[in-house]
Amino acid sequence: MTLTPRLRWALAFAMLCFVPLASNAQAQSKRPSTGFSAKERKALKLGKNVCRSYTRRQAQLKLVGGTCWQRIARPADELWQILNHPKHYVRWLPALKSAKLLRTRGKTKLLYFQHEHGLFSGGYATNLSYDSSKKEVSFKVDPSIKGVLRAGFGYFTLRPIDATHCLLSYGILADLGSGIIAGVLRPVVHTWMLRVPRELKRYAESRRRRRH
């Protein structure tokens, strides 16, 4: 399960054609500019989570999500260890109760995520593919295992800024299905999606403070 460059652009800039992550194909628009605005550059420099939120409908799918960038005051190699080990996930993924490893095949792990929020509890299975050479994780909800999400996919990518800082790029799109999270909890879940980089920054930087 590889996140192709074409699909990454489709996700990152909301040119939404929902296709499997392993496909080579179907984002049919041209690449838009990758530049940040002056406001976004300033926010990144200040350590803020810069997000572009999306809500789109594609065929039968009602997709929500977005792309975010976060400057983190930790080396890229250290952040990669956090992304690469699911034991850390409950510490920074919003409302996550557990992340159970179901299967490992090569560089791909199948995890079952269980979330809780008030009276709501729901889970879903996700395939995560880890590319250590690029420091990239791509993920896709596994439709063969019953869960609360109808569909979902995205990525994390780390790029070093200097010896002590890195830039996290993150994108996600999901169809929340027809249950409670697609109704009254939809705005909450959409907010959770876009909080992920900020929560990862908080966790990674707080680990450093605890060590000192």
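This is a predicted model: local features need pLDDT of at least 70, side-chain atom pairs count only at pLDDT 80 or more; totals for chains, interfaces and linings use all residues.
1. A word to start with: a residue is buried when its relative accessible area is under 20%, exposed when it is over 50%, and partly exposed in between (1.4 Å probe, protein chains only).

2. Residues are numbered from 1 along each chain as its sequence is written, and side-chain values use heavy atoms, with hydrogens and water left out.

3. Side chains of opposite charge can pair when their charged atoms come close. A salt bridge here is a side-chain nitrogen of Lys or Arg within 4 Å of a carboxyl oxygen of Asp or Glu. The count by this rule is 7 salt bridges.

4. Have a look at Arg 52 and Glu 40, whose closest N and O atoms are 2.8 Å apart in a salt bridge. This pair links distant parts of the chain, 12 residues apart: Arg 52 sits in strand 1 (residues 50-58) and Glu 40 in helix 2 (residues 38-45). Helices (H or I, at least four residues) and strands (E, at least two) are DSSP runs, numbered from the N terminus. Arg 52 is buried at 18%, and Glu 40 is buried at 15%.

5. Next, Asp 77 and Lys 135 form a salt bridge (2.9 Å, N to O). Asp 77 belongs to helix 3 (residues 76-84) and Lys 135 to the loop between strand 5 (120-131) and strand 6 (136-141), so the pair ties together parts 58 residues apart in sequence. Lys 135 is buried, at 19% relative accessibility.
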